[in-house]
Amino acid sequence: MSARDTRGGTSSRAAIVTVSYNSGDVLPPFLTSTAQASAAGVEVVVVDNDSADVDALRAVTEAAGARFLALGENRGYGAAVNRAVATLPPDVRWVLVSNPDVVLGPGALDRLVATADADPSIGAVGPRLLEPDGAVYPSARLVPSLRTGLGHAAFANVWPGNPWTRRYRQDGEHGGRRDAGWLSGACVLVRRDVFDRLGGFDEGYFMYFEDVDLGWRIGRLGLRNVYEPDATATHIGGTATQGASERMRRAHHESAYRFLARKYPAWWLWPLRVVLKTALTVRAHATHTR
């Protein structure tokens, strides 16, 4: 919504940023949900990655009272978010980054901000992210290591209950508030000064793992990534990526390798990096990404 709305007050604390890419089927319910996510007026920015239906997306966005920012090119998810955040007023202290195929629960933004505001050691907060059937998506995970990365890449699709995947995804640990290594960029609240200090998302990731990288860098600052299940959002999914699954799988595994190779750059680890790259390549060709 705009920085000031009919409910009174101004949005000087939080803003919402989403990235659209042929998102006409999911953007309207997302925008509707932003009005219920906070009791105060919240600025919403839709930044567009060169959609084919850009004029229709602009019309839908502006009709909802949000701001539309057309980039005219597609430089990836993280780059688009960075451009949008750079346009926010300096008094915005919190930025909720969300996919457009998410529906925010009532009061979700206020709950996330309250949790973050209570402790200055918190750099980011993520909600309980639900699938359309109500199942909890494992959105608060450990930062992957070479061990969990190799185990998850090699066995996740042939042995779903393997210990490496369960540890990485923190399966069974989504009932209460807790710290996480990183929080899903599908819906995450980030402290604005921390985001700016880190230079935002690493634009070297076109898509996938920019959220893993951000959570890891927040942790390296000595700050916390916190999972807050009292705030909820539902990932409804959309049609924008249908027909591009092979390209998405390839991008996911390339980004996974990039992250782990940058996290573990020592020359003596090159044999493990080779094994990891091989495992990810095999997985990319063998199955769908999750």
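**Close-up views of a predicted model**

**View 1. V188 sits in strand 10, residues 187-191.** Strands here are DSSP runs of E with at least two residues, and helices are runs of H or I with at least four, numbered from the N terminus. This is a predicted model: local features need pLDDT of at least 70, side-chain atom pairs count only at pLDDT 80 or more, and totals for chains, interfaces and linings use all residues. Residues are numbered from 1 along each chain as its sequence is written, and side-chain values use heavy atoms, with hydrogens and water left out.

**View 2. The surroundings of V188.** V188 has a relative accessible area of 5%, so it is buried (under 20%; exposed is over 50%, partly exposed in between; 1.4 Å probe, protein chains only). Neighbours within four places in sequence aside, V188 contacts V95, L96, V97, A124, V125 and L183 (contact: heavy atoms within 4.5 Å). The C-alpha atoms of V188 and G126 are 4.6 Å apart. Along the chain, 62 residues separate the two.

**View 3. N162 lies in the loop between helix 5 (146-155) and helix 6 (163-169).** N162 is buried, at 0% relative accessibility. The N162 side chain reaches the backbone nitrogen of W164 at 3.0 Å. N162 also touches G151, F155 and A156, leaving out residues up to four places away in sequence.

View 4. pLDDT is the predictor's confidence in each residue, from 0 to 100. Residues 1-12 have pLDDT below 50. In the model, this stretch has 31 contacts beyond near neighbours in sequence.

Note on methods: A polar contact is a pair of N or O atoms within 3.5 Å; within protein, one must be able to donate a hydrogen and the other to accept it, and residues adjacent in sequence count only if both atoms are side-chain atoms.
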